[in-house]
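Please keep the sequence and the structure in view while reading.

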Amino acid sequence: MNLIEKFPDKELYLRIKTILLLRTIFLTGFVISVYFFHQHFPYRTPVVPLSLTLVLAYLFCIVYAILLKVKINLFVVSSLQVAGDLLVVAGIIFSTGGIESPFSFLYSLVIIATSAMLPRAATYLVASIAGISYGLLLDLEYYDVLQPVYLFAKAPVSNEGGYVFYIIFLNIVSYYAVAFLSSLLSHRLNLIKEQLLLTSSHLEKLQAFHKDVVQNMENGLLTADLNGRITSMNPAAGRILNHPENEALGKACFEILPISTLQKFFLKHGARLPADYIEETLIRNDGSQIHLGVKMSRLTSRPGPRVDAETQGYIVAFEDVTQVREMKDKMAQSEQLAAVGKFSAGLAHEIRNPLASISGSIQVLKKDLNLEGPNRTLMDIVLKETQRLDRIVSDFLHFANPRKDRPIRMDMVELVREVIALLKNSSEYQSSLDVLFQPGGGDYSIHLDEQQIKQMVWNLCLNAMQAMDFSGVLKIDLQSADSFQHGAFKAKQPGLVLFVEDSGCGIPPASLKTIFDPFYTTKENGVGLGLARVKQIVERNEGYIGIDSEVGRGTRFTLYFPRRKEEPEPEQEALAAGENRATT
């Protein structure tokens, strides 16, 4: 059990213990002095009364120590010590000559000890008791009621009336003066103690608050010494850099945060800090790539932009701006596509009109001319390429300038089955390809744009068949989910999950981030709009698309569409259904 658990007021306990120790030292010194004088006095003096008084004082010290040991109330212990001291001082004065005793100043020491242990009022009370006891002792001696023991030779003037009352008055005044000064000093010390405790409490709270702010902030923060060695790092920094905090301490900050600007600054011991804000790409130790925004500042002994402040280290604050960078890239891409869309609308029509004339003319010539051999083959190639060019222009026009969404309630199972039927009846399908789709029971209805979703499923299936070189297994699955999670994406809203999986060549990791970019393709005759159109449709319907791929084993697309809380009016739904059927 520690000291604070024994005594709530640790300060008072230490004062009582200190005064007890000083009392014991004083008594020991007093005994040695009495023994010395007794041995060297030219005449014998009675020391028995004084010795009994000193023995009583030692017994009192033992009692006080026992009371402290058994945890008696500190106020009671202090009061008993003061009462015992008053009694011992009276005994010393009586046994050393009364009015001629040189030890009347001991009452002042008792008063000072009282001011250190007890309240201000108790100090004045003890001064009054000291004055009364001293005056009573001298009055009884003056009127021959008591005969004190004279340790020294008696002076002839000591019993004169004027002298006695003068000594009494002088001592009483000195006792009250000591009481006033000592109590004032003790009061001031108590005020300072309270202010220090309050300031310390505020400082501890402020330090705890600052620590909580640093520990709970989302941005990374680390401090380094003048050589760039890390001295502290908050948890967010460890999460962003994917590096444990305990392993980072003591290492160079440009090793944990491998940014060329920091490395150049610390290796060259630069006097000027890097730019106000740095954006760089960082590859973490797990191989992932993130974009960081870094701000560096000096850690000085004085806050504020003072030139004469001594630099003690450096503060490096950083944040993960990967999502912000991606949003900027998306915005730039959207602006670019918007400009392309305006241009493509007119260009597509200009291309489509002569293309339709060419296609129609070729079909008429094919019927009217009786072509055979190579000429017939060339005519078929021209007609086929004309149709392919028309599809490319159509896909480009739909991607750059998509039509307005028309969501209706539809059955995803029926829609997928229709797409599978279209695939099996298209020229892209071959008998060496197996398509598996066996949905379980449940509600697979959802409010989406039927034409867009059909186009999306068609593009995914066509992409899967091309990845398998039209030979393998294409798996399609549907699930109704109350919540959804895939990688870092989480959704608590109920919805439908669509899986499209192939057993093809897979997608290299380096291509996973660019596979949805417009005009990105690895196929010889590809345009690169199929998957870009898929992602566009998913985003327009507030959904999510994720990829899990392994080179040589295949690819799995996971799509999630939340169920809409508000359903369209029946008239709007019927109108949208009619328009979708007409478009189909």
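Helices (H or I, at least four residues) and strands (E, at least two) are DSSP runs, numbered from the N terminus. This is a predicted model, in which local features need pLDDT of at least 70 and side-chain atom pairs count only at pLDDT 80 or more, while totals for chains, interfaces and linings use all residues. Residues are numbered from 1 along each chain as its sequence is written, and side-chain values use heavy atoms, with hydrogens and water left out.

**Overall picture**

- The protein contains 17 helices and 14 strands.
- Of its 584 residues, 38% count as buried; buried means under 20% relative accessible area, exposed means over 50%, and partly exposed lies in between (1.4 Å probe, protein chains only).
- Contact means heavy atoms within 4.5 Å. Among the contacts in the protein with a separation of 6 or more, 66% are between residues 24 or more positions apart.

**Packing of two helices**

- Two packed helices are described by the angle between their axes and the distance between the axes.
- Helix α4 (residues 74-94) packs with helix α5 (residues 106-117) at an angle of about 175°, and their axes are 10 Å apart. That angle makes α4 roughly antiparallel to α5.
- Here the axes are lines fitted to C-alpha atoms, for helices over the stretch in contact, and angles run from 0 to 180 degrees between N-to-C directions. Angles under 35 degrees count as roughly parallel, over 145 as roughly antiparallel, 65 to 115 as roughly perpendicular, and the rest as oblique.
- On the α4 side, the residues that meet α5 are Ser78, Gln81, Val82, Asp85, Leu86, Val89, Ala90, Ile92 and Ile93. On the α5 side, their partners are Leu106, Tyr107, Val110, Thr114 and Met117.
- By class, this contact of α4 with α5 has 10 nonpolar, three polar and one charged residues. Ala, Val, Leu, Ile, Met, Phe, Trp, Tyr, Cys and Pro count as nonpolar, Asp, Glu, Lys and Arg as charged, and the others, Gly among them, as polar.

**Aromatic pairs**

- Rings of Phe, Tyr and Trp (its six-membered ring) pair if their centres lie within 6.5 Å; planes under 30 degrees apart count as stacked, over 60 as edge-to-face, and the rest as tilted. By this rule there are 18 aromatic pairs.
- Phe265 and Tyr314 form an edge-to-face pair, at 5.3 Å centre to centre and with 90° between the planes. Phe265 lies in helix α11 (residues 260-267) and Tyr314 in strand β5 (residues 311-320), so the pair ties together parts that are 49 residues apart in sequence.
- Phe265 counts as buried, at 7% relative accessibility, and Tyr314 counts as buried at 6%.
- The ring centres of Phe484 and Tyr560 are 4.8 Å apart and the planes are at 0°, so this pair is stacked. It links distant parts of the chain, with Phe484 in strand β10 (residues 484-486) and Tyr560 in strand β14 (residues 554-562), 76 residues apart.
- Phe484 is buried at 10% relative accessibility, and Tyr560 is buried with a relative accessible area of 2%.
- Phe26, Phe30, Phe103 and Phe105 are linked into a cluster by ring pairs.

**Salt bridges**

- Side chains of opposite charge can pair when their charged atoms come close. A salt bridge is a side-chain nitrogen of Lys or Arg within 4 Å of a carboxyl oxygen of Asp or Glu, and six salt bridges are counted by this rule.
- Glu11 forms a salt bridge with Arg15, with the closest N and O atoms 3.6 Å apart. Because Glu11 and Arg15 are four residues apart in helix α2 (residues 10-40), about one helical turn separates them.
- Glu279 forms a salt bridge with Arg325, with the closest N and O atoms 3.1 Å apart. This pair links distant parts of the chain: Glu279 is in strand β3 (residues 278-283) and Arg325 in helix α12 (residues 322-368), 46 residues apart.
- Glu279 is partly exposed at 36% relative accessibility, and Arg325 is partly exposed at 24%.
- Lys454 forms a salt bridge with Glu418, with the closest N and O atoms 2.9 Å apart.

**A residue in helix α15**

- Asn463 is located in helix α15 and is buried, with a relative accessible area of 15%.
- Leaving aside its neighbours within four places in sequence, Asn463 is in contact with Lys523, Leu531 and Phe557.
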